[in-house]
Amino acid sequence: MLLPALNSAREKGRSIKCLNNLKQCGMGHLNYAMDYGDMIIYRGPNSTASATSYWAAYLGGESPFCSAYLPFEPMKVGTTVRKRIVVASCPSAPGPLHPADDNGKVPMRVYGMPVYNYYLGSPASTASTDYQKSMGNFVHKFLIGTTERGTYWGLRHVKRPSGTMLLADSAISSDSSAVTAGYQTQDLYIRSDDSKVGLMLRHAKRANAVYMDGHAENKSAYEHRDSHTQVTRVVDSDNKWITIN
């Protein structure tokens, strides 16, 4: 009789810790933005500008272009030592790495960030024509020649920071990969079937998220659907990719 109540209490504690982690990650992003022209980083150039590195590599101190904005610890994968952000993982998520992951997955097994093309109101088949007008034209790209090497959110142009998702519980669905299903992923596909990875209902059929004003909330799938960010696809507690009707 006591075991279900004990498990529920433990999960509630993990959910609270997850919310606190998200708040710290949100503050790391906002502190970075204060130092870099009100720009929140989605991804930026790697050390040689030959490819891109995502936000966890920047805020976790791996990028040569900025200092660490979040606490990190060394993590050895094979013969390589990477920097892993301590607060970038949900305590209810498996990991931090899947046994099959290589060292390149260290900055990717983190809270998810909405894939930037959805904040551009594209693809047209999955976004309303008024979506970008509602959210604000805040996606900025950094080009080297004609090649994109960075993507940032311009805070000054976000119309409703308190309703615009910055980071959230994330997972790979079993419809995408049975091997790594349930593990965190850096990308959130919030309205399309691309990759079938996205917002994870990890906490008693609810998901935690931090928003661009720095506050964090625990919401049901329907609350996320009806929010300003308009999430319509999620990964459920069985790691299945589902549509919120």
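A residue is called buried when its relative accessible area is under 20%, exposed when it is over 50%, and partly exposed in between, with a 1.4 Å probe and only protein chains considered. By this definition Thr229, at 0% relative accessibility, counts as buried. The model is a predicted one, in which local features need pLDDT of at least 70 and side-chain atom pairs count only at pLDDT 80 or more, whereas totals for chains, interfaces and linings use all residues. Residues are numbered from 1 along each chain as its sequence is written, and side-chain values use heavy atoms, with hydrogens and water left out.

The protein contains 4 helices and 15 strands, where helices (H or I, at least four residues) and strands (E, at least two) are DSSP runs numbered from the N terminus. The radius of gyration of the protein is 17 Å, close to the 18 Å that the globule rule gives for 245 residues, so the protein is as compact as a globular protein of that length; the radius is taken over C-alpha atoms, and the rule is 2.2 Å times the number of residues to the power 0.38. Of the 245 residues, 53% count as buried.

Thr229 is placed in the loop between α4 (221–225) and β14 (233–235). A polar atom of the Thr229 side chain lies 3.0 Å from the backbone oxygen of Gly163. When neighbours within four places in sequence are left aside, the residues in contact with Thr229 (heavy atoms within 4.5 Å) include Tyr119, Tyr131, Met135 and Ile190.

Glu148 belongs to strand β7 (residues 147–154). Its side chain makes polar contacts with the side chain of Arg43, at 2.9 Å, and with the side chain of Thr151, at 2.6 Å. A polar contact is a pair of N or O atoms within 3.5 Å; within protein, one atom must be able to donate a hydrogen and the other to accept it, and residues adjacent in sequence count only if both atoms are side-chain atoms.

An open sheet is formed by 3 strands in the order β8-β12-β13, with antiparallel pairing, two strands being paired if DSSP finds at least two bridges between them. Strands β8 (165–168) and β13 (216–220) stand at the edges, each with a single partner strand, so one side of each is left without a neighbour in the sheet. Strand β12 (residues 206–211) pairs with β13 in the antiparallel sense over 5 bridges, and Arg206 stands opposite Ser220 in β13.
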